[in-house]
Amino acid sequence: MSVAWSQSTWKVLLIAVYFAKIVVTKTAHGDGENQSPFRLPDAISPIHYQLTLLPVIEENPRLCGHVWIDVTVNSPTNAIVLHGQVLPVESVVYADSEVIDNEVSRMLVERMCFSGVLDALDSLSDDKPKSRDDKDIAQSVHLDEDSEQMIIILKEELIVGAFYRIGILYLAEINDGDNIGFFRVQKKQEDNNCCRQRWIGSTQLEATHARKVFPCFDEPAFKATIELTLGHDSKLRAISNMPSNSSTSLKTVDDWVWTTFEKTPVMSTYLLACVISELEYLETSYLSINGRNITIRLWTEKQKFSQLDLAYRLVPTIMETLEDYFGIPYTLPKLDMVSLPGYDLARAMENWGLIVQSESTLLQESDANDPMEKAIFAITIVHEIAHQWFGNLVTSRWWSDIWFNEGLATLFENIVLNEIAPELGVDVITVLFFQQALFHDTLNLSIPLNYPVELLPTIEHKFDGFAYAKASVIFRMVKSFVGDEAFKNGLHRYFNQFQFKAANSTDFWAILTQESRRACTLSPRKHVGRIMKTWTEQSGYPLIQVDRNPNGTIQLTQTPFIDSSNPLTDNFTETVAWWVPISMTNGADPKFSLDDRIPVVWLTPKVPSVAIKGPDDTNVWILVNLQYSGYYRVNYDRLGWELLSEQLIRDHTVIPPLNRAQLIDDVFTLCHVKTLPYEVSVRLVEYLGRAEEENFVRSVAVGHVGRIKQMMALQGIHDEKLDAMVKVMMTYIVPTQNTESRNHYNSGQLDVHCHNDDKLCVDRILDLFRGYINDTVTPAQSSLTKKHFEDIWCTALRYGGPLEWSYAWNSSRDSSATLSKKRKILKAMACTTDTSRIKQLLSRVFLPKINQEPIETSIILNSLAENPSARLLAMKFVMLNWAFLNKHFRNPPRMRDLLVAVTRRSSSLNELEKVNEFLEDKANELGPAVIDLIVATISSNVRQIELQKIHLKYHTLIGETGNDLTRLEENVASVLQTSQLLNCLENDRNVAGMIVLLPIGGHKTPK
Ligand SMILES: [Zn+2]
């Protein structure tokens, strides 16, 4: 193998290419987007790419390529503008469409990669017939670094309606670390004696990285067919979106082959993918609704085949279920799903026909029996498969609408799993999404789903967890109010009408309007688009107040939900309103079926309050928002809450689990923001002390009570009354063995949490754990330890000594342990309250012998952030070692998530100031959205504590000072001072230039 590759090669090329800013006349886009320097003009549309790629992924990594792009001309132009973050070596434009001789492209690329660029250029002048030179109408090529565009200036104007062919020979980079564009990963060696680990080459082109791999029209709406030829070492397997159809040897080097893949259907560039690796596959298949047999291959290392069990079982069924639902067959002849060793944390990309994911999202260890873990695992698989329709078959016109496909893919996680694996209990995911969306929206800083994006970094910011969660619950609401039948028919029509095209939410709303009118679920005067505008173009959500009027009618009123403890609510206008579908049932005739979720009445921006007829018996409970179908919270009058609490105590199963979770979440949230006194939530969760309740419902209450406890503990608030209420609630939500309710909850199980440091309980767990270490446990104890692995380990490591700690430390290094087990051990180790152990765990990442994977670092830091004894250390660690962690993770979004995680429990002014300083320093890197989120979260925490203190002080003062007004005033003044300081800090943020791009007030209520 001869490699001629050096810095000087690049220099020679740089001379040949002009870097300049060129002004090109741009016509407006058909999708109504603003004319932006970052968008391509639509004078030219691509039809087909003939792409030849030669990635060298071992030594001197480099990517050599050639592309023929067939285009058609829509309007006269004398320049071709496309995307390209590559170095063009030679560019030509021909006005013909002769059959392409792929051999010439292969030869050129081969020479360039293995003999050097100059050799390739030489051969170009030797091989090219003179006559073709005359036909070339390209005059010069320019690269614009800011817009990542390549501009080819032409000798003549292109003729409208005519076809042209652009040919570009180019050099590009193999990305070594960021996992974008064409990148390589290498699995870390667990055993140094083992064979050399080869590199794996793969691609990640969403959102705007296709341009790093080949010059192309890199916007989702520019769809074209792609025919890929990929050169690689013959010992490696190459896969792409389509099956391969031929293979020929390279001329220049031995043992390398060109693999050619079948032509794709028309598709967006960001969905192109290829993987070259030594991985192997397990094959299965299913029968598509149009009678074709679709091959499914799941790829991993051979020794991990057993971990593919769950995916192997689920994938064909998921495909069948989605085809049945949509009535539209999967388009491609095969689907490959690849788990990349050494790839990013919990990441997956839905490339058409070739889903590329991290190991943790495709491999499921057989010992993993946590249903929640299984559910989360399964939803990722459904999500990526659902994208084969949402996104791949029909694509969003532009990235502003990305929430649309993400929301639908997320919605179908639930729909599909409820059908094929109800035992996974994915209701829990619905609740998590609701809580995440509502919590984020309560902070009142989230930007509307539909906000426009143009700048490249902000496109990446659109892919945040909040947008996925909110979009999915918004779709859940749409599906409920138009009804299942109309939703299903609407999707079928949508796919039929827009397949192989680009569409946006407006197109879908129009179809749904027609379908729901046909199904009589929506009156002729209502339009889904108009309804949804109020949900997607403004942030926040409504609170529905349900009151009984003296005449027996029920008064329903919407107001924006406002957290008065949140300083940002000052910016919020109370005139914001939504189209709110009200579904409702009552104690006289409780109904929760799909049909019952069709709204009985709508609250609208014009009519925000209505009275409707109530049940004849005025003493029965009323429940609004059936099965968590609407994106809003509900508050009842005191009688309303009391009647619901009584029902839960009498027989909680009359109300479905999702609604029970919702009632608990709503009541606590309303108490946190002081709309209701905590007595109401104490009463509502009373039933938990006696009832067998689903874990996910119980965990909603546990989360809220934990929040109150943590706030009180962190800030040393001594509110005896609240303290007493928390104690009562604790006995309801997590009964210990001493309480009477013990018999009803998890009967026969061991209390593995040891609440309130119950010494007896702790001793028993430590005994069990030591028996486990010494291998002296009985089979029953062994199965108990396995079942409650995380809880038992956590308790043992929190209360145990050096013995327990060093056992865990060594176990976490055991190379034969599965990732899932390691993850649990590290999580448990983060339960320690010992400062030196916390520090040891934090510095684990620096130990070369351990070679800690980013996923392990992430688990450690996220877990420590939830441990009150370790939280502050974890936060300081992240800030202090930011540069190191950045290199370690090589993933900016992960770094942002990490920062959010380690700061979100901060609740003192001092911490807020420190975090603020750090954020200011990293403003450019982090982006305004995440800075807003962090500051607002901490401010809200601080505010809540201050409010609690004020509340407490007020009552104490009244008691203490009696009529001494001067003392009363002094004390009130000191409380107010803190409050004002917080305000100043808030306002200063703009001055400090941290929120220049996205002023908080600016996107609340767009006109
Ligand atoms: Zn997605």
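Visitor: Which loop holds alanine 207?
Guide: Keep in mind that this is a predicted model. A cis peptide bond joins glutamate 206 and alanine 207, with omega at about 0°. As for its place, alanine 207 sits in the loop between strand S10 (199–204) and strand S11 (225–233).

Visitor: And which protein atoms are the donors of the zinc ion?
Guide: Along the chain, the donors follow the spacing H-x3-H-x18-E. Histidine 383 and histidine 387 are both buried. At 2.0 to 2.1 Å from the zinc ion, the protein donors are His383 (NE2), His387 (NE2) and Glu406 (OE).

Visitor: Is phenylalanine 500 exposed or partly exposed?
Guide: You'll find phenylalanine 500 in the loop between helix H12 (484–498) and strand S22 (501–503). Its phi is near 65°, a positive value in a residue other than glycine. Exposed would need over 50% relative accessible area. Phenylalanine 500 has 30% relative accessibility, so the residue counts as partly exposed.

Visitor: How far apart are the end C-alpha atoms of helix H13?
Guide: Helix H13 covers residues 505–518, which is 14 residues. At 1.5 Å a residue, H13 should span 20 Å. The model agrees with that, because the end C-alpha atoms of H13 are 20 Å apart.

Visitor: Which residues of H13 are buried?
Guide: The cut-off for buried is under 20% relative accessible area. As background, an α-helix has 3.6 residues a turn, so residues three or four places apart point the same way. In H13, the buried residues are Ser505, Asp507, Phe508, Trp509, Ile511, Leu512, Thr513, Glu515 and Ser516.

Visitor: What is the orientation of H25 relative to H26?
Guide: Helix H25 (residues 835–843) and helix H26 (residues 854–865) have axes 9 Å apart and pack at an angle of about 150°. An angle over 145 degrees counts as roughly antiparallel. That is why H25 and H26 are roughly antiparallel.

Visitor: How many nonpolar residues does the contact of H25 with H26 have?
Guide: H25 brings Ile838, Leu841 and Leu842, while H26 brings Ile860, Leu861 and Leu864. Ile and Leu count as nonpolar. By class, the contact has no polar and no charged residues, and its nonpolar residues number six.

Note on methods: Residues are numbered from 1 along each chain as its sequence is written. This is a predicted model: local features need pLDDT of at least 70, side-chain atom pairs count only at pLDDT 80 or more; totals for chains, interfaces and linings use all residues. Side-chain values use heavy atoms; hydrogens and water are left out. Helices (H or I, at least four residues) and strands (E, at least two) are DSSP runs, numbered from the N terminus. The expected span of a helix is 1.5 Å times one less than its number of residues. Buried means under 20% relative accessible area, exposed over 50%, partly exposed in between (1.4 Å probe, protein chains only). Axes are lines fitted to C-alpha atoms, for helices over the stretch in contact, and angles run from 0 to 180 degrees between N-to-C directions. Angles under 35 degrees count as roughly parallel, over 145 as roughly antiparallel, 65 to 115 as roughly perpendicular and the rest as oblique. Contact means heavy atoms within 4.5 Å. Donors are N, O and S atoms within 2.8 Å of the metal (3.2 Å for Na, K and Ca); water is not among the atoms, so sites may look incomplete.
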